[in-house]
Amino acid sequence: MTSEDQSPVVVVTGAAGGIGSASVRRLISEGMQVVATDLDVESVRSLSPHHFALDVTDPDDVQDVMGRILNRLGHVDVLVNNAGITGSQQATSAGETPIDEFDRVIAVNVRGPFLCTRSLLPSMIAAGSGQIITIASVAGLIAFPGRCAYTTSKGAALMFARSVAVDYGPLGIRSNAICPGMVETPMTQWRLDQPELRAKVEAMVPIGRVAQPEDVADTVALLASGRMAYANGSAIVIDGGWSSW
Ligand SMILES: NC(=O)c1ccc[n+]([C@@H]2O[C@H](COP(=O)([O-])OP(=O)(O)OC[C@H]3O[C@@H](n4cnc5c(N)ncnc54)[C@H](O)[C@@H]3O)[C@@H](O)[C@H]2O)c1
């Protein structure tokens, strides 16, 4: 059964988190049909009538869930590759990072966007249109000290977005990366809850504050709306000027 509703369909991964949930709310408020997915379906149930449990690192799960979404809604116009992790506090510099921690971060932040994008490309190619939005990070542009796995993964996520832009742009599919600076979410709360660490971060941001999830959701919504129609392979930096130093 497919939906009669012709408004754009957007699939968001990691939708229970700070940036994911703000993006779902913003996209719904702009009239889009949003599919909220995360590891645990209970965490996304209240966000959207369309919700699924999805582990982005599991190829069978990705194939199955994307197939069910296509069956239910008929098409997917936009995929937001948002699920991500920083790794445990052990995942620091290259020599100190446990191998399994490195693999875990790469699996979610790089393999995840690859698997999700790969599973939706055939339907987007058939439609002759589609958009992939990958939430990378300024850590994909400048190395964060002591965060080897995360920095490596975000550089790869950005280049993954660009690879798709180059290969599929001619088929009507655009792919862009958003590179946020420090955003106040469950991922960063432990750091921002410590006044000294928070002050240190804020001192590096020219506009004097960390981002709120809604700052990133704004950019997701702008891209998903189709208004930035010439953007393809772009790294859209949303960091208050942090990486401009
Ligand atoms: N918070 C920041 O400062 C910041 C800055 C730049 C980029 N980002 C990126 O933005 C994205 C969202 O981050 P956030 O700050 O909202 O973090 P968050 O921790 O609030 O949310 C991340 C979500 O991803 C989900 N997730 C983790 N592993 C998953 C998996 N295998 N399959 C599916 N879902 C999984 C988690 O359950 C969680 O809901 C991430 O890719 C992150 O790297 C965050």
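Trainee: At what angle do α1 and α7 pack?
Mentor: This model is predicted: local features need pLDDT of at least 70, side-chain atom pairs count only at pLDDT 80 or more, and totals for chains, interfaces and linings use all residues. Residues are numbered from 1 along each chain as its sequence is written. The axes of α1 and α7, lines fitted to C-alpha atoms over the stretch in contact, are 8 Å apart. The packing angle, on a scale from 0 to 180 degrees between N-to-C directions, is about 50°.

Trainee: Is α1 parallel or oblique to α7?
Mentor: Under 35 degrees is roughly parallel, over 145 roughly antiparallel, and 65 to 115 roughly perpendicular; the rest is oblique. α1 and α7 pack at about 50°. So α1 relative to α7 is oblique.

Trainee: Which residues of α7 make the contact with α1?
Mentor: Contact means C-beta atoms, placed from the backbone, within 7 Å. α1 brings G18, I19, A22, S23, R26 and L27. By class, the contact has 9 nonpolar, 2 polar and 3 charged residues. From α7 come P213, E214, V216, A217, D218, V220, A221 and A224.

Trainee: How does α3 lie relative to α4?
Mentor: Helix α3 spans residues 99-127, and helix α4 spans residues 148-168. Their axes are 8 Å apart, at an angle of about 15°. Therefore α3 lies, relative to α4, roughly parallel.

Trainee: How many nonpolar residues does the contact of α3 with α4 have?
Mentor: On the α3 side, the residues include F102, V105, I106 and F114. On the α4 side, they include Y150, F160, V164 and Y168. The contact has 3 polar residues, 2 charged ones, and a nonpolar count of 14.

Trainee: Is F102 exposed or partly exposed?
Mentor: F102 sits in helix α3. Beyond four places in sequence, F102 touches A91, T97 and A149. Buried takes 20 or more other C-beta atoms within 10 Å, exposed 12 or fewer, partly exposed falls in between. F102 has 18 C-beta neighbours inside 10 Å, so F102 is partly exposed.

Trainee: How far in space is Y230 from R174?
Mentor: Y230 lies in the loop between α7 (213-224) and β7 (235-238). Y230 counts as exposed because it has 6 C-beta neighbours inside 10 Å. Y230 and R174 are 56 residues apart in sequence, while their C-alpha to C-alpha distance in space is 8.8 Å.

Trainee: Which helix gives the most to the shell around the ligand?
Mentor: The ligand has 27 residues around it, the closest being G14, G17, A83, G84 and T185. By class, the shell has 14 nonpolar, 11 polar and 2 charged residues. With 3 residues, the helix giving the most is α1.

Key:
Helices (H or I, at least four residues) and strands (E, at least two) are DSSP runs, numbered from the N terminus. Two residues are in contact if their C-beta atoms, placed from the backbone, lie within 7 Å. Ala, Val, Leu, Ile, Met, Phe, Trp, Tyr, Cys and Pro count as nonpolar, Asp, Glu, Lys and Arg as charged, and the others, Gly among them, as polar. A residue is near a molecule or strand if its C-beta atom, placed from the backbone, lies within 6 Å of it.
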